[in-house]
Amino acid sequence: ARLQLLIACLLGCASFTGVLGFATCSSSIAAMLSRNGRATLCETGTTPSLRTAGLPTVCSAQRAEGEGVAPAYNVLGFDLQCCCAEVRDTGIGTGFFRDGHCSTGPTDEGKHTVCVQVTEEFLAFSKLVGNDLSTPMPMYLFPGLLPGDRWCLCAQRWTQALAGGAAPKVYLRRTHMKTLEFADLALLKAHAVDLEQADREVDALDEIRTRFEQSL
């Protein structure tokens with residue numbers, strides 16, 4: 001039944017070519033590959049409750065869309081997954097649009113497209129070069145980061161940290177494809193937290209595509 005559903009999905013994508021052409025099928029594939037069928041907070045579409053007094057409800061797992069928002073594909077060509085819908089019970093989601101995703105658009109001059117897992121080493125380096133990410137700034141809906149947090153980092157800040165030997169790990173499936181304008185995929189894979197899962201999704205899609213082509 002799963003294979004039939006995926007083939008039906010591919011039929012709807014048959015007029016496209018390349019990885020991006022099959023990206024519209026990725027949601028179904030990702031859902032089927034999810035561990036034990038469980039969804040994360042970001043995948044359920046729910047909005048976390050606000051737990052910090054005085055902060056507006058800005059955290060939503062619903063990805064920003066519409067005019068001024070770039071198409072939401074990740075560096076693998078699949079649908080962009082949620083990076084972090086809520087940082088440590090603050091009611092604040094990550095991303096330029098604070099929608100929990102590393103979405104971007106023309107107004108996002110910093111290109112907050114890289115979903116990273118923050119480390120103490122990275123935070124120290126960032127502060128050293130004049131970008132203090134540890135101190136909360138409520139006026140910008142910024143919670144201040146701690147080691148272990150997930151956050152949408154500016155692409156050039158990530159490459160800066162890479163050059164300084166302090167680049168944090170990245171989540172390929174949660175990192176926007178615009179990041180590829182600043183770092184190539186091989187480099188991102190070398191620092192990926194979710195490389196195994198990402199490769200599994202790509203392999204699954206390749207296998208389905210092969211079966212589909214053989215059935216024609």
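This note goes through the sheet, the cores and the aromatic contacts of a predicted model.

1. Basis. Because the model is predicted, local features need pLDDT of at least 70 and side-chain atom pairs count only at pLDDT 80 or more, while totals for chains, interfaces and linings use all residues. Residues are numbered from 1 along each chain as its sequence is written, and side-chain values use heavy atoms, with hydrogens and water left out.

2. The sheet. Three strands make an open sheet, in the order S2-S1-S3, with antiparallel pairing. S2 and strand S3 (169-170) are at the edges with a single partner strand each, so one side of each has no neighbour in the sheet. Strands are DSSP runs of E with at least two residues, helices are runs of H or I with at least four, and both are numbered from the N terminus. Two strands pair if DSSP finds at least two bridges between them; S1 and S2 are joined by five. One of the bridges links Gln-117 to Arg-150 in S2.

3. The helix on the sheet. H6 packs on the sheet and touches S1, S2 and S3, and its direction is at about 90 degrees to that of S2. Axes are lines fitted to C-alpha atoms, for helices over the stretch in contact, and angles run from 0 to 180 degrees between N-to-C directions.

4. The cores. A nonpolar core is a set of buried Ala, Val, Leu, Ile, Met, Phe, Trp, Tyr and Cys residues joined through side-chain atoms within 4.5 Å. Buried means under 20% relative accessible area, exposed over 50%, and partly exposed in between (1.4 Å probe, protein chains only). The largest core has 27 residues, of which Trp-158, Val-170 and Leu-172 touch the most other members. At least two residues each come from S1 (112-117), H5 (120-128), S2 (150-154), H6 (155-163) and H8 (195-215). A separate core has five residues, including Cys-83, Cys-102, Cys-115 and Cys-152.

5. Aromatic pairs. There are two. Rings of Phe, Tyr and Trp (its six-membered ring) pair if their centres lie within 6.5 Å; planes under 30 degrees apart are stacked, over 60 edge-to-face, and the rest tilted. Phe-96 and Phe-97 have ring centres 5.1 Å apart and planes at 85 degrees, so this pair is edge-to-face. Phe-142 and Trp-151 are also edge-to-face, at 5.3 Å and 80 degrees. Phe-96 is partly exposed at 31%, as is Phe-97 at 28%, whereas Phe-142 is buried at 7% and Trp-151 is buried at 6%.

Methods. Contact means heavy atoms within 4.5 Å.
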